[in-house]
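Visitor: I would like to learn how to read charged pairs in a protein structure. Where do we begin?

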Amino acid sequence: MPITLPKSSSAVQFLLMAAALPLSVGAASAVDFPGTISNANTKAQTLAAGQSGTITAAGTLTVATDKVAVTITGSNATLDNQGTIKQTGTGRVIRDNTGVTGLTINNGSSTNATALMQAADADVIQMNKANAGVTLNNYGSMISLNASAGGAQAVDFSAMTSGTNIVNNYAGGLLKAGEADAVRTGVGGVVNNSGTILSLTSTGSSSDGIDAQTNSGATIVNGITGLVEGARHGITGGQSDASANFTMSITNSAGGIIRGMNGSGVNLDGFNNKQIATVVNHGLVSGNGVTGDGDGLDIDGIANVTNTGIIRSINAFSAPADGLAYSEGISVGGGTIINSGTIEGLVSAGNGNAVGRGITLAGNDIAGSGGLREGLYGHATITNQSGGVIRGQSDSGIVAVGARSGFVVTINNNAGASIVGGGTVNAAIKTGADNTVIVNGGIINGASSGKAIEMGSGQNSLTITGGSVVGSISGGSSGGNTMVVNPGAGNSFSYAGSISNFSNVEIKSGNVALSGVSTYIGATQISGGVLTLDGANRLSANSALILNGGVLQLTNAGGANGQTFASLSLTDDSSVMLGSSSLTFNGLGAVVNGKTLSFTEAASGAYAFRLLGDVTHDANFLMLVGATRIDGLAARYSFDGAYTGVAAVPEPATYAMLFAGLAMVAAIARRRKQGGR
């Protein structure tokens, strides 16, 4: 169709308008912030104080070379990206290099998860001044491709030491870096994650999901849909030196996952009790050592842990020449652990140079000669609540090691909870040089090694309130260790193992049955309840018996002498059920005037009990005999040249029969004499 041009000057004006039209289109594609980009744009942008820049869902900003795609130069600016921002060269997508505050960055929205910020070989966002302040809201993807593997993060707030630095990664959001940490927080940084925070490596680089580095005060909340995954550690950081204070708070919601693919789920390196971490886990925290350590939680300082979910180490690796590797569910230098979930250390199939351990209580790494770990940095208290399981697949459930620190280790294993050891060497619970207090009402299972509890060189105490213990029990190498069995009136506790290295074992209540071969160094004290010894000589003859109220019962003792003790003391009214057996004492201890001792089911032999040597003139012995009843009868005694035996005074009918028998014997003797005349 032919075009009719306007006449005269109108034609010139038309041509000028036509020529200007392409220039107008070009100008629209080069919109500067503040403003809105809704189509393709390649010009680097700047946001000054109070300015806003928007990229719509249809808009793109693509910047090459080393230029920053969006530079922030003033406070209270807002960048809202609903489309795509790419830096295809070596520059960052967003950077503040002046110290702005009040910066807000939105990538996507609750209805738009397709927004993208991507850097080819640098950080996606970096706040590079100490006094800056920023809030990042991500619904889409922020990806650092990091082509040169130069340590480019998706989010780098590590230079920030004051002001607000908040990362909100919403459900569906992705913060991702290759060969680098995905997120670095500043001092007091906050990370709220319901999406994915991911670092990847193909070179074995130290790429972590979230790295606070030495910045204290981070608060990390991983939501029910949140995943924090590090190519090395899931979350890491720690003290810069021994003089620095460092804190971190981590909450992992039910359904949330924090994991290290070649390291720990959470790893905080520290030096002393100036590092304090708080961890609340309702989801899964796991570590996996492929080329090194791989604990669930590895916190060198003080840790306060509450777990209702799973904290697990999958594996640990060490070259055979470097010694055994330890795959630990939790390793901490002190603090509190409250568990009603699962804490366990596992080892991958075929790994013969590692053991799986539930919890290690010790200081930082290796120190001193012989590779002895540092001692604790504070008191350590573990409370394993009902439903809680602490398990070492091929080592102890709980171990306290390292140099003596002067702090106390307390382990409470409540009713319905379990501490389980694995392997053939170590006890389910093994403690070291520090004083240890163990209270058990649940299950301690050391069946695999035959050892349930093996305490060390500290001053130690064990209280049994119920449950069950499988394997031997040792109070440790120091003197003065004590054990109390107190299941409560009407309740029972049965044990079939060996008990050793306690200066005093006290039965306070309930029905307590011992059927194993037990060795006490010190005293066996019965203050209440019933202690049943099933079988002959169940307690070591080295043990003194203190009857302080309560009942001692012998069953299946095999007659004659059912049990020998080092000595006998009577300090309160007490009873002994002999089960047709008897007792031997190699000495006599304290006897409190006015206290009574009752024996029942005495053997039909010469004595109910006996004492080594001639004690017939001993005042304490005479007081004891005067307060003793045997099957309801008064006691009599006699010395046979080796022992002073105590038996019941015969009843009158028995005396009559005895006299009649003697008379009959005399009559027979007289007849024989007369017949012989």
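Visitor: Which side chain meets that of Asp395 in a salt bridge?

Guide: Keep in mind that this is a predicted model. Side chains of opposite charge can pair when their charged atoms come close. Here Asp395 pairs with Arg357, at 2.8 Å from N to O.

Visitor: Is Asp395 buried or exposed?

Guide: The cut-off for buried is under 20% relative accessible area. Asp395 has 5%, so Asp395 is buried. Arg357 has 7%, so Arg357 is buried too.

Visitor: Which residues do salt bridges with shared partners join into one network?

Guide: Glu328, Arg357, Arg373 and Asp395.

Visitor: How many salt bridges does a search of the whole structure find?

Guide: The search finds 11. One of them joins Lys43 and Asp32, with the closest N and O atoms 2.8 Å apart. Lys43 lies in the loop between strands S2 and S3, and Asp32 in the loop between helix H1 and strand S1, 11 residues apart. Lys43, at 38% relative accessibility, is partly exposed, and Asp32, at 36%, is partly exposed as well.

Visitor: Which residue forms a salt bridge with Arg232?

Guide: Asp208 does, at 2.8 Å from N to O. The two residues are 24 apart in the chain, each in a loop between two strands. Asp208 is buried, with a relative accessible area of 0%, whereas Arg232 is partly exposed at 28%.

Notes
Residues are numbered from 1 along each chain as its sequence is written. This is a predicted model: local features need pLDDT of at least 70, side-chain atom pairs count only at pLDDT 80 or more; totals for chains, interfaces and linings use all residues. Side-chain values use heavy atoms; hydrogens and water are left out. A salt bridge is a side-chain nitrogen of Lys or Arg within 4 Å of a carboxyl oxygen of Asp or Glu. Helices (H or I, at least four residues) and strands (E, at least two) are DSSP runs, numbered from the N terminus. Buried means under 20% relative accessible area, exposed over 50%, partly exposed in between (1.4 Å probe, protein chains only).
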